[in-house]
2 protein chains.
Amino acid sequence: MNLNALKKLLVGSPLATAQARHERLSKTAALAVFSSDALSSVAYATEEILLILVLAGTAAIHYSIPIGFAIAGLIAVVVSSYRQTILAYPQGGGSYIVTKDNLGTLPGLISGAALLIDYVLTVAVSVAAGVAALTSAVPGLFDYRVTIGVGFVAAITLANLRGLRESGQLFAVPTYLFIALVAVLIGYGLVRWAFGWDPAARVVVDPSVAAVKDLSVFLVLRAFASGCAALTGVEAVSDGVPAFKPPEARNARIVLAWLGVILISLFVGITFLTRHYHLTPLSEQTILSQLARQIFGDGALYYAIQASTMLILVLAANTAFADFPRLSYFLARDGFLPRQFSTRGDRLVFSNGILILGSTAAALLVLFGGSTHALIPLYAVGVFLSFTLSQASMVRRWLVRRESGWKWRWWLNAVGAATTGLVVAIITATKFTHGAWVVVLLIPLLVMLFMAIQRHYADVAGQLSLDGYGGPPPMQHTVLVLAGDLHKGVIHALQYAQTLSPAVKGVYVELDPEKTRRLEEKWIKWGMGVPLVVLSSPYRSLLQPFLDYLDHLLALGDNHMVTIVIPEFVTKHWWQHLLHNQTAFLIKGTLLFRKNVVVTDVPYHLR
Amino acid sequence: MNLNALKKLLVGSPLATAQARHERLSKTAALAVFSSDALSSVAYATEEILLILVLAGTAAIHYSIPIGFAIAGLIAVVVSSYRQTILAYPQGGGSYIVTKDNLGTLPGLISGAALLIDYVLTVAVSVAAGVAALTSAVPGLFDYRVTIGVGFVAAITLANLRGLRESGQLFAVPTYLFIALVAVLIGYGLVRWAFGWDPAARVVVDPSVAAVKDLSVFLVLRAFASGCAALTGVEAVSDGVPAFKPPEARNARIVLAWLGVILISLFVGITFLTRHYHLTPLSEQTILSQLARQIFGDGALYYAIQASTMLILVLAANTAFADFPRLSYFLARDGFLPRQFSTRGDRLVFSNGILILGSTAAALLVLFGGSTHALIPLYAVGVFLSFTLSQASMVRRWLVRRESGWKWRWWLNAVGAATTGLVVAIITATKFTHGAWVVVLLIPLLVMLFMAIQRHYADVAGQLSLDGYGGPPPMQHTVLVLAGDLHKGVIHALQYAQTLSPAVKGVYVELDPEKTRRLEEKWIKWGMGVPLVVLSSPYRSLLQPFLDYLDHLLALGDNHMVTIVIPEFVTKHWWQHLLHNQTAFLIKGTLLFRKNVVVTDVPYHLR
């Protein structure tokens, strides 16, 4: 009762099924809703590139420019490729569904496993980066970053359990504010650069990384792999086509193109200016924060940038709270995840998926000390694997269907699949020992779990199926009433048992012959004609003699059901219950899964 | 299954009731069995006196001699008094029973509460002192004293759960070894003193206590109160009279007299020599260890003294493991403690009492850092309270019965009661703020708990009693089968329900009208003629519509029972169970304590 009230306070009253509604988004609203995940990654992608490069000394930092351009090119390829997917899947082309459709179940499950892992990481990485934006501006909070991060995750989880709507308005303000502020930052930075207003760039260098070391091809590739985090979330538009106003596919393609252009501009701009100002990563301040301080100084504009960065990162985490439960639902609907993921809760949301996502992400934050950088090696493997599978699916689809104009679309997807496939290889190879191995191991384990679950459901369905079923064999029935004494509660149970069957027996386990004699006397007067079976117990066990007797009854035949009626009294207060022998509880526990045995408590209520 | 195997390994196989046996003890064996608690306290009593006196500086230490003689006199008084109790209670005169017999229930319960607390403290104090004997000899173990103490408690608990016999042989070796070694120590010490072999006594002084301060009467009384710990366990002989060989009472009285003489000799001897050598307490070495090193040097005799001290202290702790469960049994038998304390376990011991005692004592050791000295202020309050009540009971008994020669026995008990009553007042007053308040508070709380438990049992017995019972009113019965679908498992449950009652109804909660239509089609073919009730659920809750329907049925009358049959399938492995909806579990939880409702799972076993 109290738990219900608490639940109501936290997540609100139940909503009726009929209250489910679907909002259609304009292009500007859709850009806000679907871009936060992708755009927010510019807040940390440049920094992750630099963090690898500085391992070879500050001189290696100029490699950030070519790496930045390579990633920009990659964004262009992936965006072009996904624009073809939108055309083929106007009903929404999530990677799991597209891959399962075109390549088969196993690749579909691999894609699903990769995505589930990455949704968890999206939450952890985005929240960690959002907290970093906050603690860069307010250094006093740095020591509390894990607590703050877990608090953010808890708040987002709760909001989603309430059934937060992905309303355009909610998303529009922080997203467009972030785009505008970063655009101003880059624009003003470029103006300062063009006019040479910062002739002697102030070099902020962490002394521990100042030494010049050898830069290997491997390290450059690893820096590139880390920067690929910038692409996470690009697929969101193609997953959400049905939410667009008609013509859905056309509008979605336009929005995806916008997203590509904005993402490339912001990412390249930040990377370029970071290089120009010779910024290097500091453990307690993000690169974006350093850049904003450098260009805007420590005023209102700086704090506005930090605030909007934090907000868009939290929104990015929030998108995973729509994606993860939806993918779990698809997987559960196909029998690959427990059925509990396929039912909507009181507030019409997939509560189980939301809770699993929130708790796993919070655990990751604690485990990795709330550090974006520590989580990055695990990230992106899954994203790029699902990119590759999704685009490979499209390649096969064009080839099979050969719809008009399929050839150049086939080419675009083939280039996309090949490129992202190469990126998967690079990420896995360069980040394997730094944590990517966890994901590489986890994906096949999850796939095996999915298949085991599906096998189980199929097996159960087969065993329960009525196809060709000839009906049940006839059933015999014995009812036993366990009596430790004879009082009103036992009489109540005897009376109940007699309504169940004419063949009721009382069963008593004898510990003390004197007590048996007294019970038998009472039984003659009050036993309602029910015969009493007395079992002796040389070892004072109440259970064993009864179990032996039960075995004897069950041996009478495979269709012989035994119902064990246990008189139990229900005390007024729960603690009073502790004052009574827990025999009933013990018997239930022992017989819970016994074949052909039904255990029935008959409660007698005490005042 | 595995848990059972582990239990068998730890505590052994069950014993049959007929295997219970009673050993009769010779006087020498009885002295060993019943004296360990009392004698072992000489290992720490002198030290506790000194620990208080040194608060007034080293010069105050010579007060230990008069205090020692006062305590010796007290022992003589208490022993004389208890010798009268033995005469009156040859069947064993525990304080709870004697007090309840003669003064009434409330004083009996006070005595019982005081004793329960003191048994716990006996274990904690004895084990702490035993560990101190060990760490005095092996200082390297000092840092592990809490762990070692808890280990001792665990070992004693386990031995008692196995059903350790209080055999004379087991107790005789360490007890007589301890008596002999301490007697040699004192004898040889007195010889050295008489011949003046230690002219310049080496004074070992803890520098922190060297300052001379004012000695108040209060402090002398507090030192006396601490020394009273020497008397704990003196009552054991009178509790155990039936274990003696006949003539029981006479033999017990002789053994108690021996005990008194030995106890006084050892205690006074140790106290005198401690004074002679100017020993003062050290935190890492006991007084007895200092004394033994002083007289014997650091050789084999010294280590023998330490080992036998440790052993007799562990034995002392062990005696509480017989006393506490036995007293719990008496209290439970009279309805003042939960019934679970009155049943013997597989090994014929009162397992619940043993487990409670072991865990409470271990918790105290951890809480008080394994320090004897920290525990002492809590100790002895309860012992002397029960002494006083027990002897006051005897005073009343002689007065009421006026058996032959009652007058001087009356006098002995009256002096005993008055003296121990005075000691209770001294202990409470001087140690109240140092911890005795805990016990002073706990005793009435326990008494209130005893009475609340007894009231509850009496109330339940009254409600269940058949005295003047007119028999149960007629009972009506409806059986509902909850069906989420129709498959072999549900058919099995329907068939079972039909054996219970001709009036069975299937109940289905509708979430999706399309599924209802399909279910109804199947039901026509396979529903075995059982009518199906379809409940609509606008909020997708499976539970609420059903609860509303149930309320409607229950409103039909107070004698209307509703049995809810829930088809449940039992999977082969427990984890597979997680893959199925937990609706059955939820419904059971919700309806567990509902009046006139019986919930019955009908398991369907999957391969």
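Reader: In which helix of chain A is confidence lowest, and in which is it highest?

Author: Where pLDDT is low, the predicted coordinates should not be read in detail. This is a predicted model, and within chain A the mean confidence falls to 62 in helix 1 (residues 2-11), its lowest, while the highest, 94, belongs to helix 6 (residues 105-137). Taken over the chain, the mean pLDDT of chain A is 86, with 91% of its residues at 70 or more, and for the complex the predictor reports an ipTM of 0.71 alongside a pTM of 0.68.

Reader: What is the order of the strands in the open sheet of chain A, and is the pairing parallel or antiparallel?

Author: The five strands run in the order 3-2-1-4-5, and their pairing is parallel. Strand 3 (532-536) and strand 5 (597-605) of chain A are the edge strands, each of them pairing on one side only, and from one strand to the next the twist averages 30°. Strand 4 (residues 560-570) of chain A is joined to strand 5 of chain A by nine bridges in the parallel sense, and A:Val565 has A:Thr600 of strand 5 opposite.

Reader: Which helix packs on this sheet?

Author: Helix 19 (residues 488-500) of chain A does, touching strands 1, 2, 4 and 5 of chain A, and its direction makes about 150° with that of strand 4.

Reader: How many residues of chain B are in contact with chain A, and which element supplies the largest share?

Author: There are 49 such residues in chain B, facing 48 of chain A, and helix 19 of chain B supplies the largest share, eight residues. By class, the side of chain B that touches chain A divides into 25 nonpolar, 16 polar and eight charged residues.

Methods:
Residues are numbered from 1 along each chain as its sequence is written. Chains are lettered from A and ligands numbered from 1 in the order in which they are written. This is a predicted model: local features need pLDDT of at least 70, side-chain atom pairs count only at pLDDT 80 or more; totals for chains, interfaces and linings use all residues. pLDDT is the predictor's confidence in each residue, from 0 to 100. Helices (H or I, at least four residues) and strands (E, at least two) are DSSP runs, numbered from the N terminus. Two strands pair if DSSP finds at least two bridges between them. Axes are lines fitted to C-alpha atoms, for helices over the stretch in contact, and angles run from 0 to 180 degrees between N-to-C directions. Two residues are in contact if their C-beta atoms, placed from the backbone, lie within 7 Å. Ala, Val, Leu, Ile, Met, Phe, Trp, Tyr, Cys and Pro count as nonpolar, Asp, Glu, Lys and Arg as charged, and the others, Gly among them, as polar.
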